[in-house]
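These are my notebook entries on a few local features that I looked up, taken in the order in which I came to them.

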Amino acid sequence: MKFRNFIAIFGVALVLGGCAGMQPVAEADRTFERVVEVPNHTKDQIYTSTKIWIAENFKSAKSVIELDSKEDGIIIGNGIIQYPCSGMGCLAKSDWKVPFTMRVDMKDQKFKISFSNIKLSWPASYSSGISSPAYDGPVNSQGDMDKIKPALLKFGDEILASINSSKSKSDW
């Protein structure tokens with residue numbers, strides 16, 4: 001009897017948990033930002049290190065960057081990452097891409113990284129011979145956004161590490 005109750009509770013939890021991931025993404029959740037403190041670094045140092053990070057982490061920094069203003073401390077670019085999946089979820093989503101717009105605003109001792117225009121794109125069936133994507137549009141499920149958001153926000157930590165390492169490299 002206890003086993004049957006366990007199975008029933010587990011089944012209900014599985015159904016409800018699966019439905020939670022299918023919740024639609026609110027318009028306000030389609031953009032997000034993070035402020036990163038960078039003590040003892042000027043706006044120019046942050047700018048230079050951010051440009052280096054972009055050049056090292058995107059295929060072509062020149063084709064990625066849409067706006068580049070050192071004076072204003074702003075870099076805006078478009079990028080694409082692999083859909084951040086794990087485990088069995090990768091079986092169906094291994095070819096998915098996540099295009100996005102990234103904006104970095106810099107001031108002395110801090111920068112703000114913002115993401116917008118976050119989309120999903122996946123190819124049509126390979127057997128169909130169609131070269132255009134089967135889907136290329138906004139992220140519609142909260143479950144997908146919950147996977148994408150931490151992957152993009154992690155860029156802030158990577159840029160911070162680049163800023164900190166560039167200062168140590170300047171003393172070689």
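I began in the loop between strand S5 (110–116) and strand S6 (119–123), where I found Asn117; helices (H or I, at least four residues) and strands (E, at least two) are here DSSP runs, numbered from the N terminus. Asn117 is not a glycine, yet I noted a positive phi of about 50° for it.

Before going on I wrote down that this is a predicted model, in which local features need pLDDT of at least 70 and side-chain atom pairs count only at pLDDT 80 or more, whereas totals for chains, interfaces and linings use all residues. Residues are numbered from 1 along each chain as its sequence is written, and side-chain values use heavy atoms, with hydrogens and water left out.

Next I looked up the partners of S5, taking two strands as paired if DSSP finds at least two bridges between them. S1 runs antiparallel to S5 and is joined to it by 6 bridges, with Glu37 standing opposite Lys110 in S5. Strand S4 (residues 97–107) also pairs with S5 in the antiparallel sense, over 7 bridges, and here I found Lys107 opposite Lys110. S4 and S5 form a hairpin with 2 residues between them, and Gln109 in the turn has a positive phi of about 70°.

I then turned to Asn40, which lies in the loop between strand S1 (32–37) and H2 and has a positive phi of about 65° although it is not a glycine. Asn40 counts as exposed because its relative accessibility is 62%, where buried means under 20% relative accessible area, exposed over 50% and partly exposed in between (1.4 Å probe, protein chains only).

Cys85 is partly exposed, as its relative accessible area is 23%, and Cys90 counts as partly exposed at 22% relative accessibility.
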